[in-house]
Amino acid sequence: MKKITIAIDGFSSCGKSTMAKDLAKSINYIYIDSGAMYRAVTLYAIRQGLLTDKNEINEQALLQRMPQIKVNFRLDPTTGLPQTYLNGENVERDIRGMEVSSKVSLIAALDFVRAALVEMQQAMGKEKGIVMDGRDIGTVVFPDAELKIFVTARPEVRAKRRYDELQAKGDKTPYEEILKNVQERDYIDQNRTVSPLRKATDALLLDNSEMTIAEQKAWLKEQFERIANE
C-alpha cells in the first residue's frame, strides 16, 4: 500500500477536522489542521491589537510580524490528538471560541498570511503520509494530492453542530449568532480574492448533512483504500 497525500476541503463547521483526525489515526498518518493555523494567526493579531473589535486590521504591522509567528502541532499524550501551539504556547482552546471564529475569515483572506502558511503546510507534507484539512488544500497547497475530498452540509446543520460543541465547552453563544457567523464565513471564504473556497475538479463531493459519524468513517476508509491500493 503506497503512501499518499489526502486533502480535505470544505465549509466551516462541517466536521472536516473531526473526520480528518479520525482517518489519520486509523491509517497511522500525520494529521495537520490548516484551519487551526489561520486561527492561531488570528488569535495573535487580536492579542497584539492588530485586529480590533470593529474588524479593522493593521495589515502592515501584521505583515512585518509574520516571521515571528510560529505555529506547530504536538500530540496530546492523553488523547493522542494534535494540539495547536502558537510560539510555544498551547492555544487549542483559545482558538476555538467565537471571538476567533468570527474573525478568522478576515485574516485568512490576506494574501501574505496565506503565502506564509501555505509554505509551512507544504513543508509539513513533503514526505506524504498526511491528512490535511482546510479551504484550499486540494486547490493550492497540494494540487497533486492523490485523494481530494470536498465536504459540505446545510448551513443550519453546521450551525447546530457548532452550537452543540460550544455548549459542551460552557460557551452560551446563541444559535442565531452562530448561524449568522457560519453564513458570513461561507460568503467571505467563497468570495475572497486569494485562494477562494472551491471544489477541486478532481475532488470527491461529500455532503454529510444526513450522515452519521460511522457512515462518514466507512466512506472515507473506502476511498483511502481504493486510492492507496492502486
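## Helix α2

In this predicted model, the buried residues of α2 are Ser34, Ala36, Met37, Tyr38, Arg39, Ala40, Val41, Thr42, Leu43, Tyr44, Ala45 and Ile46. That makes twelve of the 14 residues buried, so α2 is largely enclosed by the rest of the structure.

The 14 residues of α2 should span 20 Å at 1.5 Å a residue, and the end C-alpha atoms are 20 Å apart, which agrees. At the start of the helix, the backbone nitrogen of Gly35 has a side-chain oxygen of Asp33 within 3.1 Å. Just after α2, Gly49 has a positive phi of about 75°.

## Largest pocket

The volume of the largest pocket is about 1000 Å³. Its lining consists of 41 residues, and Gly15, Ser17, Thr18, Arg96 and Glu165 lie nearest the centre. By class, the lining holds 18 charged, 13 polar and ten nonpolar residues.

Helix α2 (34–47) is among the elements that each supply at least two residues of this lining, as are α1 (16–27), β4 (82–86), α5 (104–108), β6 (130–134), α8 (155–168), α9 (175–191) and α10 (213–228). The largest share, six residues, comes from α1.

## Second largest pocket

The second largest pocket contains about 320 Å³ of space. Of the 15 residues that line this pocket, Tyr29, Ile30, Tyr31, Leu75 and Pro82 lie nearest its centre. Two or more lining residues come from each of α1, β2 (30–33) and β3 (71–75). The lining of the second largest pocket divides into ten nonpolar, two polar and three charged residues.

Key
Residues are numbered from 1 along each chain as its sequence is written. This is a predicted model: local features need pLDDT of at least 70, side-chain atom pairs count only at pLDDT 80 or more; totals for chains, interfaces and linings use all residues. Side-chain values use heavy atoms; hydrogens and water are left out. On a 1 Å grid over the protein atoms alone, a cavity is a set of points where a 1.4 Å probe fits but cannot get out, and a pocket is an open set with protein on both sides within 12 Å along at least five of seven lines; lining residues have an atom within 4 Å of a point. Grid points are joined across faces, edges and corners, and a volume is the space filled by probe spheres set on the points. Helices (H or I, at least four residues) and strands (E, at least two) are DSSP runs, numbered from the N terminus. Ala, Val, Leu, Ile, Met, Phe, Trp, Tyr, Cys and Pro count as nonpolar, Asp, Glu, Lys and Arg as charged, and the others, Gly among them, as polar. The expected span of a helix is 1.5 Å times one less than its number of residues. Buried means under 20% relative accessible area, exposed over 50%, partly exposed in between (1.4 Å probe, protein chains only). A polar contact is a pair of N or O atoms within 3.5 Å; within protein, one must be able to donate a hydrogen and the other to accept it, and residues adjacent in sequence count only if both atoms are side-chain atoms.
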